[in-house]
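Student: I have a new structure open and would like to learn how to read it. Could you take me through some of its features, one at a time?

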Amino acid sequence: MKKIAIVTDSNSGITQALAKELGIYVIPMPFTISNEEYFEDVNLTQEKFYEMLLNDVNISTSQPSVGTILELWDKLLTEYDEIVHIPMSSGLSQSLQTAKFLARDYEDKVFVVDNQRISVTLKRSVLDALTLVKAGKTGKEIREILEATKLNSSIYIMVDTLKYLKRGGRVTAAGAALGTILKIKPVLQIQGEKLDAFAKSRGVKSAKRIMVDQVLKDIKDRFTFDGRTDNIRVDIAYTKDYEAAALFKEEIKDNFECDIEIAVLPLSISCHIGPGALAITATKIIDL
């Protein structure tokens, strides 16, 4: 059986500490803040990030450098036979295209997975990959399975403030001002490649209900086509406010048969939606 390394990036929400625990490798995403370079979960903590974000410090995201990727791959291939590299969605970053281009020089050694996920759903892909490694699948087979099942997940996100969507050009200044006055809470979705608008609601309670109802619909109509529910996982994710996420879990836990886990959204998403966001995800995990 081949020895296979699993690589992802910090957009999965997997910390360096958890990566060690799992036996995988996480490339930290780079940020430029006031002309200085930072790396998520290395010299940029959640606390430090929000301190600067709330002080309106200029923050921009970028992708890992070519040198960082190649150095890790070359090091791993001295110990492993193959690498399965699972970056964030191709619709949200150029990271995947860069990795695919680089992998051309590592034929039959590095398999880059385009399964269009981020945050908790990307983490679920990594855990699926570990399951497939243990089942004796090759790097090529793992890539094929993860890409074939890429749409077996959904994310819905309630944004607390329109300020950061306005800053990123996703909503106009006038729209942000009106939305604030009317207490509109946009609900966004990531299903496939991109972060898109899904619905508008008046208030937090309504936004939560919209997200839960849609996840229940996805589970019923998309994920349980084979009649199974024991391989569905539901997660809550948040930006900055853990207490709000814990309360949301208590409010909705009776709607679902499975346990609900809580995770923090990666900083690359937080940068664009700001603090106080809540998300709910559903994923059909691979069960061999």
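Student: How many residues does helix 9 have, and how far does helix 9 reach from its first C-alpha to its last?

Tutor: Helices (H or I, at least four residues) and strands (E, at least two) are DSSP runs, numbered from the N terminus. The expected span of a helix is 1.5 Å times one less than its number of residues. Helix 9, residues 204-223, has 20 residues and reaches 27 Å, close to the 28 Å expected. This is a predicted model, in which local features need pLDDT of at least 70 and side-chain atom pairs count only at pLDDT 80 or more, while totals for chains, interfaces and linings use all residues. Residues are numbered from 1 along each chain as its sequence is written, and side-chain values use heavy atoms, with hydrogens and water left out.

Student: Which residues of helix 9 are buried?

Tutor: Buried means under 20% relative accessible area, exposed over 50%, and partly exposed in between (1.4 Å probe, protein chains only). In helix 9, the buried residues are A207, K208, M211, V212, Q214, V215, D218, I219 and F223. They cover an arc of only 165° around the axis, so they lie on the same side of helix 9; the arc is that of the directions from the helix axis to the C-beta atoms. K205 and K220, on the other side of helix 9, are exposed.

Student: Now a strand, please. Is strand 6 mostly covered or uncovered?

Tutor: In a regular strand the side chains alternate between the two faces of the sheet. Strand 6, residues 82-86, is mostly covered, with five of its five residues buried. One side carries E82, V84 and I86, the other I83 and H85, and both faces are covered.

Student: Which strands are joined to strand 6 by bridges?

Tutor: Two strands pair if DSSP finds at least two bridges between them. Strand 1 (residues 4-9) runs parallel to strand 6 and is joined to it by five bridges; there, T8 has I86 as its bridge partner. Strand 7 (residues 110-112) is also parallel to strand 6, with three bridges joining them, and its V112 stands opposite H85.

Student: How many aromatic pairs does the whole structure have?

Tutor: A pair of aromatic rings is described by the distance of the centres and the angle of the planes. Rings of Phe, Tyr and Trp (its six-membered ring) pair if their centres lie within 6.5 Å; planes under 30 degrees apart count as stacked, over 60 as edge-to-face and the rest as tilted. The search finds five aromatic pairs. One of them is W73 with Y106, edge-to-face at 5.3 Å centre to centre and 80° between the planes. W73 lies in helix 3 (residues 66-76) and Y106 in the loop between helix 4 and strand 7, so this pair ties together parts 33 residues apart in sequence. W73 is buried at 0% relative accessible area, and Y106 is buried at 13%. The rings of Y238 and Y242 are also edge-to-face, because their centres are 5.8 Å apart and their planes are at 75°.

Student: Which residues form an aromatic cluster?

Tutor: F31, F49 and Y50 form one aromatic cluster.
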